[in-house]
Amino acid sequence: TAALWSLINFQQFIGYFVYINIPYPAHLEAFLEKFLSANLEFLPNPLETFTNKISEKWDSVVNEKEEQQRYQLPHKFAKLETPTLFVINAGSTFVTCLGLMILPYLFYLIRKIPKDKDIKLLKSIHSNLRWNIPIRVFLESGTPLTFAILIQTRKISYANVPYIISTITSSLAFVYMCLMLNYLSKTVADLKYENLKDPDVENS
């Protein structure tokens, strides 16, 4: 798992080059195109699926040519055909982050049941869901999520269903980012230095 996580880190780092609007040498362009073709976005994207279903029902689609004329993105984005809708760029990431915010409360309710209160597996999962997993996912997904929010912010529109959903979800994602940054800063600020030597704190 450590090697896999390192690979994901590297793939994300390479992915950031897409958002830097400068020309690259030919060999770097070739490397990025080959590496970025290996997409690790294996998670389902319920936001995009929901948007597509609503769009089909209301016959509301995005006219790409018209939108490109109204809102010009940098050449780098046009060349790589980067989509502008938040639900496409970061739908699966945002849903995962929201799910990891809700799961700790679900496990808290499960552990309120007397017979499940002291089960070690439940305690371990609950502890990880409160600390390790949501914070790690936030730190890993924070940069691409921010990029997706900024791209959508350039094209705020309520012209049709896809843009309405993307504008609203990108606003919610911005609120999520603020809440997590505030939570992390408070956690670090309230943690005493001597407590860092505590084995339980170190594991958390």
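Pocket, cavity and rings

Tutor: Helices α6, α7 (120–130), α8 and α9 each supply at least two residues of the lining of the second largest pocket. Helices here are DSSP runs (H or I, at least four residues), numbered from the N terminus. This is a predicted model, where local features need pLDDT of at least 70 and side-chain atom pairs count only at pLDDT 80 or more, while totals for chains, interfaces and linings use all residues. Residues are numbered from 1 along each chain as its sequence is written, and side-chain values use heavy atoms, with hydrogens and water left out.

Student: Which helix gives the most to that pocket lining?

Tutor: α6, with 5 residues. A pocket is an open set of points on a 1 Å grid over the protein atoms alone, with protein on both sides within 12 Å along at least five of seven lines, and lining residues have an atom within 4 Å of a point.

Student: How much space lies in it, and which residues are closest to its centre?

Tutor: About 400 Å³. Of the 14 lining residues, Met-101, Pro-104, Tyr-105, Arg-130 and Tyr-183 are the closest to the centre. The volume is the space filled by probe spheres set on the points, which are joined across faces, edges and corners.

Student: How does the lining of that pocket divide?

Tutor: Into 12 nonpolar, 1 polar and 1 charged. Ala, Val, Leu, Ile, Met, Phe, Trp, Tyr, Cys and Pro count as nonpolar, Asp, Glu, Lys and Arg as charged, and the others, Gly among them, as polar.

Student: Now cavities. How many of 30 Å³ or more?

Tutor: The structure holds 2. A cavity is a set of points where a 1.4 Å probe fits but cannot get out. The second largest cavity has about 30 Å³ of space, and its lining is 7 nonpolar residues, with no polar and no charged ones.

Student: Which residues line it?

Tutor: Cys-97, Leu-100, Met-101, Pro-134, Val-137, Tyr-176 and Met-180.

Student: Rings next. How many aromatic pairs are there?

Tutor: There are 3 (ring centres of Phe, Tyr or Trp, its six-membered ring, within 6.5 Å; planes under 30 degrees apart are stacked, over 60 edge-to-face, the rest tilted). Phe-86 and Phe-94 are edge-to-face, 6.0 Å centre to centre with 70° between the planes. Phe-94 and Tyr-176 also form an edge-to-face pair, at 6.2 Å and 70°.

Student: Where in the chain do Phe-94 and Tyr-176 sit?

Tutor: Phe-94 is in helix α6 and Tyr-176 in helix α9, 82 residues apart.

Student: Buried or exposed, those two?

Tutor: Both Phe-94 and Tyr-176 are buried (under 20% relative accessible area; exposed is over 50%, partly exposed in between, with a 1.4 Å probe and protein chains only).
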